[in-house]
Amino acid sequence: MQIAIVGTGYVGLVSGACFAEMGVEVTCVDIDIQKIENLKQGIIPIYEPGLDEMVIRNIKAGRLQFSTSLPEVLNDVEVVFSAVGTPPDKDGSADLQYVYEVARTIGRNMNKYVCVVTKSTVPVGTAYQVKTIIQEELDKRGVNIPFDVASNPEFLKEGDAINDFMSPDRVVVGIESDRTQKLMTQLYRPFLLNNFRVIFMDIPSAEMTKYAANAMLATRISFMNDIANLCERVGADVNMVRKGISSDNRIGTKFLYSGIGYGGSCFPKDVRALIKIAEKEGYTMRVLQSVDEVNELQKEVLYTKLHTLIPNGSLSGKTVALWGLSFKPNTDDMREAPSLVLIRKLLNAGCSIRAFDPVAVEEAQKAIERSNIDPALKERIYFAADIYDTVNDADALMLVTEWKEFRMPNWDIVKKLMKNHIVLDGRNIYDKKEMSELGFTYMGVGV
Ligand code: UDX
């Protein structure tokens with residue numbers, strides 16, 4: 001089968017590479033000429049373990065191609081996946097201009113049947129809007145060509161995207177026709193040979209499923225962060241509480257880790273977009289409003305803890321070391337990263353920062369450049385060469401992202417290098433008792 005995927009962001013590129021890996025002939029399309037030129041040579045714009053090898057392998061096998069022109073590939077394919085960005089508008093709603101532009105291009109250029117599948121996370125009703133736009137363009141041309149629309153939300157996680165795509169828990173597809181069901185079954189069967197878990201449903205339900213899944217996971221995290229903050233106040237240990245509740249099958253073990261708030265390209269954006277979708281319907285998502293509010297406050301939690309240890313007002317002139325900058329390990333993605341909030345708060349309080357991340361430094365520099373942090377203050381950030389260079393002369397160390405290489409540092413070296421022995425663990429990866437035996441003033445989140 002031949003397919004096109006429009007948009008070479010995370011979702012588009014991973015989907016394209018994985019479909020090609022399964023033997024599908026894929027053309028990935030993007031309007032960014034430079035990006036496409038790089039991709040043709042196997043240069044990947046994002047850090048995602050295993051993706052570059054997979055892209056290069058499939059380019060060589062002739063199954064994966066890249067193009068800047070959807071009209072040129074449109075009439076060679078049966079399915080077009082639209083995986084273009086839906087960045088948040090000023091008010092938090094999803095901006096759909098790219099999704100609609102793809103629909104217009106298809107309507108203006110198609111000469112034979114095509115199934116247009118939306119993979120981007122879009123508000124309920126968008127696929128029908130895509131259908132209307134394509135039909136309007138066909139009507140303008142005075143032609144009558146059959147086509148289908150479908151919704152196939154993507155659930156992959158950054159850092160583990162290939163695994164998620166190759167062995168999905170389930171695939172959700174919103175459809176309107178038997179023809180689409182057949183096409184999607186053909187495409188996804190190889191991924192789910194022994195246990196076919198493609199859930200077909202109506203299109204609005206599929207569109208809603210993506211938001212509901214992300215909102216549910218974000219809710220679990222904010223709930224646990226709230227519980228963790230309370231644990232600290234009543235003398236309980238959130239790790240024990242988590243173990244206690246997660247042994248209940250109904251609750252399960254995943255996405256119950258308290259920390260410094262969720263970030264990334266999906267949870268913050270989708271929670272806010274769902275609140276906006278509801279608002280437009282005259283309904284208030286009260287739970288999700290709180291989920292978002294708790295998360296924003298949680299990003300400041302390490303800063304607040306530092307204040308309790310170094311009394312108010314005296315943070316000025318202190319040096320704080322940050323281990324980790326990306327919003328989570330195994331990615332260089334800085335979107336909505338809690339580290340950015342910490343950096344802004346620390347700099348505004350007069351601190352200097354020494355920061356290290358195994359992969360995300362370049363992206364972090366760009367994100368800091370774009371941020372509204374006072375340019376004069378930005379000078380006070382030093383990007384360190386390794387974990388030990390980071391803590392040199394530091395008054396406090398904050399563990400921000402739980403990369404594996406931060407798990408077992410040589411604490412003797414760290415202690416010798418640090419000026420004050422404060423460790424604030426934003427991901428609860430160190431043992432409280434051990435840390436205090438080693439002579440550190442240690443605080444986790446909820447422990
Ligand atoms: C998420 C969804 O998991 C995925 O299905 C969807 O398609 C896109 O959004 P992603 O943003 O890549 O994926 O990362 P994920 O691993 O889900 O983590 C999101 C955030 O939640 C991170 O900031 C992470 O640190 C945080 N998190 C996760 C917690 O704070 N606690 C947890 O227990 C789990």
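Which domains does the domain assignment of the chain give? There are domain 1 (2-201), domain 2 (211-296) and domain 3 (299-443), with bounds that come from an automatic or database domain assignment. Keep in mind that this is a predicted model, where local features need pLDDT of at least 70, side-chain atom pairs count only at pLDDT 80 or more, and totals for chains, interfaces and linings use all residues. Residues are numbered from 1 along each chain as its sequence is written.

**View A. Domain 1 and domain 3.** Here we look at how domain 1 touches domain 3. Their centres, taken over C-alpha atoms, sit 39 Å apart. Four residues of domain 1 are in contact with seven of domain 3; being in contact takes C-beta atoms, placed from the backbone, that lie within 7 Å. On the domain 1 side, the touching residues are two nonpolar, one polar and one charged. For these classes, Ala, Val, Leu, Ile, Met, Phe, Trp, Tyr, Cys and Pro count as nonpolar, Asp, Glu, Lys and Arg as charged, and the others, Gly among them, as polar.

View B. The ligand has 19 residues around it, and the closest are Glu-158, Tyr-257, Tyr-262, Gly-264 and Cys-266. Sorted by class, the shell has eleven nonpolar, four polar and four charged residues. Domain 1 and domain 2 both give residues to this shell, so the ligand lies between them. Helix H9 (residues 203-234) supplies the largest share, three residues. Helices here are DSSP runs (H or I, at least four residues), and strands are too (E, at least two), numbered from the N terminus.

**View C. H9 against H11.** Next up is H9 with helix H11 (residues 267-280): their axes come within 9 Å and cross at roughly 115°. Axes are lines fitted to C-alpha atoms, for helices over the stretch in contact, and angles run from 0 to 180 degrees between N-to-C directions. The crossing is left-handed, which means the near helix is turned anticlockwise from the far one by less than a right angle (clockwise would be right-handed). From H9, Tyr-211, Asn-214, Ala-215, Leu-217 and Ala-218 meet Phe-267, Asp-270, Val-271, Ala-273 and Leu-274 of H11. That contact has eight nonpolar, one polar and one charged residues.

**View D. H9 against H12.** H9 also packs with helix H12 (residues 286-298), at about 55° and with axes 9 Å apart. H9 and H12 are therefore oblique to each other. Among the residues making this contact are Ala-215, Ala-218 and Thr-219 of H9 and Val-287, Leu-288 and Val-291 of H12. By class, the contact has six nonpolar, five polar and one charged residues.

**View E. H1 against H3.** Helix H1 (residues 10-21) and helix H3 (residues 51-60) meet at an angle of about 50°, their axes 9 Å apart. That makes H1 oblique to H3. Their crossing is left-handed. Leu-13, Val-14, Ala-17, Ala-20 and Glu-21 in H1 face Leu-51, Met-54, Val-55 and Asn-58 in H3. Seven of these residues are nonpolar, one is polar and one charged.

Technical notes. Near = placed C-beta within 6 Å. Parallel < 35°, antiparallel > 145°, perpendicular 65-115°, else oblique. Contact = placed C-beta atoms within 7 Å.
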